[in-house]
Amino acid sequence: VSLRRRLERLRQFKHPAFATTPAVEYLGEDRGLALLSTYTIGRRLSALLDSARGGVFAAALIRQLTPALAAFHQYGDGIGHGALTASRIVVSPSGQLIIIEHALGSALERLQLTAGRMHEALGLPVPAGAAARPHIDARTDYFQLALVALSLLLGRPLTTGESRENLDAVCNRAFSAANLESGHEWRGLRSWLERAMQLNGRAFPSSKDATDAIRDVGDPA
């Protein structure tokens, strides 16, 4: 019942960077609820990592989706995606990035999975400092968005080991792979990623801070 109510609430959320919130259908006592997703025209970012690799695309991702996520978080307390991956971002024919399946956060909260279980069973990493059973919130979403950006810099998905190991080293590797390690214009991008991943004692206190920081990421155009 609570999941259905949350989904009905999310159906009222409208934003051009988010697909239409799916309807929910009751399948019976043994099968529970199912999300009825609407088709979003375009290609999933996960299928484009090799061709859309590099700092320009990583910066575009951060600049487009950080404000969109902030609007989503401001829609209500406890709102978050929680399962943000390259496969849940669609690139439209016009090049716009669209987040899909953003109702999953409500279902993940209901499952009460541990941080380790979310990573191992669902492939969804959460910040290292998260509680044993992490909340799906802005902090988690920006962390996951930063990992997608690292995938764009590398031109491939992060391995399970990479998303678990010292992310500072992974960040160094990603910027080196994209030949951006010495470019002054990319310092803002790296700073944003480091804060989103909470490296070196730095973090975003709020969605507003994350959005304000994209001014230093640089205009990929």
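I looked up R202 and found it partly exposed, because its relative accessibility is 34%. The cut-offs I used are under 20% relative accessible area for buried, over 50% for exposed, and partly exposed in between (1.4 Å probe, protein chains only). The side chain of R202 forms a salt bridge with that of E194 at 3.6 Å, N to O; the term means a side-chain nitrogen of Lys or Arg within 4 Å of a carboxyl oxygen of Asp or Glu. E194 counts as buried at 12%. I also noted that D168, R190, E194 and R202 are linked in a salt-bridge network.

A note on the source: this is a predicted model, where local features need pLDDT of at least 70, side-chain atom pairs count only at pLDDT 80 or more, and totals for chains, interfaces and linings use all residues. Residues are numbered from 1 along each chain as its sequence is written, and side-chain values use heavy atoms, with hydrogens and water left out.

Next I checked E162, which is buried at 6% relative accessible area. Its side chain meets that of R156 in a salt bridge of 2.8 Å, N to O, and R156 is partly exposed at 30%. E162 also pairs with R173 in a salt bridge of 3.1 Å, N to O. E162 lies in the loop between α5 and α6 (167-177), and R173 is in helix α6, eleven residues apart. R173 is partly exposed at 34%. I recorded eight salt bridges in the structure.

Last, I looked at α5. Helices are DSSP runs (H or I, at least four residues), numbered from the N terminus. Of the 17 residues of α5, 16 are buried, so the helix is largely enclosed by the rest of the structure. Just after α5, G155 has a positive phi of about 80 degrees.

Methods. Helix = DSSP H or I, 4+ residues; strand = E, 2+ residues; numbered from the N terminus.
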